[in-house]
Amino acid sequence: MDENGAEAQAREAVRLAHEAGRLEYVALASISLSNGLETSGRFGEAAEVLVKAHAAGLNFAGLTGLLGAYAATALVPLGRLAEARDIV
């Protein structure tokens, strides 16, 4: 994924969003990072980014379902069915 530092910048965006406590930005940055990781075939890392974002958004009603769906979708191809089921 790291074309011209894109991965490092995406990870920094996720970190800053978490640090700021802005869950809407955590969601957007995490989804973007995860998509880039998936494109690079790094499915496990992509799933972990989304699982962490989902955990951060559990008290933010509008994002819980969205992040849960993304996380579960990333976990299923990895065979992590029980974890995906628990999230949704």
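Reader: How are α2 and α3 oriented to each other, roughly parallel or roughly antiparallel?

Author: α2 and α3 are roughly antiparallel to each other; angles over 145 degrees count as roughly antiparallel, under 35 as roughly parallel, 65 to 115 as roughly perpendicular and the rest as oblique. This is a predicted model, in which local features need pLDDT of at least 70, side-chain atom pairs count only at pLDDT 80 or more, and totals for chains, interfaces and linings use all residues. Residues are numbered from 1 along each chain as its sequence is written, and side-chain values use heavy atoms, with hydrogens and water left out.

Reader: At what angle do α2 and α3 pack, and how far apart are their axes?

Author: The angle is about 170°, and the axes of α2 (residues 23-39) and α3 are 8 Å apart. Axes are lines fitted to C-alpha atoms, for helices over the stretch in contact, and angles run from 0 to 180 degrees between N-to-C directions. Helices here are DSSP runs (H or I, at least four residues), numbered from the N terminus.

Reader: Which residues make the contact?

Author: From α2 they are L23, V26, S30, I31, L33, S34, L37 and E38, and from α3 they are F43, E45, A46, V49, L50, A53 and A56. Contact means heavy atoms within 4.5 Å. The residues of this contact divide into 11 nonpolar, two polar and two charged. Ala, Val, Leu, Ile, Met, Phe, Trp, Tyr, Cys and Pro count as nonpolar, Asp, Glu, Lys and Arg as charged, and the others, Gly among them, as polar.

Reader: Is S30 buried or exposed, and what does S30 touch?

Author: S30 counts as buried because its relative accessibility is 0%. Buried means under 20% relative accessible area, exposed over 50%, and partly exposed in between (1.4 Å probe, protein chains only). Not counting residues up to four places away in sequence, S30 touches V14, V49, L50 and A53.

Reader: Turning to α3, how many residues has α3, and how far does α3 reach?

Author: α3 has 14 residues and reaches 20 Å from its first C-alpha to its last, close to the 20 Å expected at 1.5 Å a residue. The expected span is 1.5 Å times one less than the number of residues.

Reader: Which residues of α3 are buried?

Author: They are A46, A47, V49, L50, V51, A53 and H54. H54 has a relative accessible area of 9%, and its contacts, leaving out residues up to four places away in sequence, are T64, L67, G68 and I87.

Reader: Which residues have the most contacts inside the largest nonpolar core?

Author: They are L67 and L75, in a core of 17 residues. A nonpolar core is a set of buried Ala, Val, Leu, Ile, Met, Phe, Trp, Tyr and Cys residues joined through side-chain atoms within 4.5 Å. Leaving aside neighbours within four places in sequence, L67 is in contact with A27, I31, A53 and H54. Another core, of seven residues, lies apart and includes A29, L33, A46 and V49.

Reader: And in α1, is A20 buried or exposed?

Author: A20, which lies in helix α1 (residues 6-20), is exposed, with a relative accessible area of 55%. R15, also found in helix α1, counts as partly exposed at 38% relative accessibility.

Terms used
Helix = DSSP H or I, 4+ residues; strand = E, 2+ residues; numbered from the N terminus.
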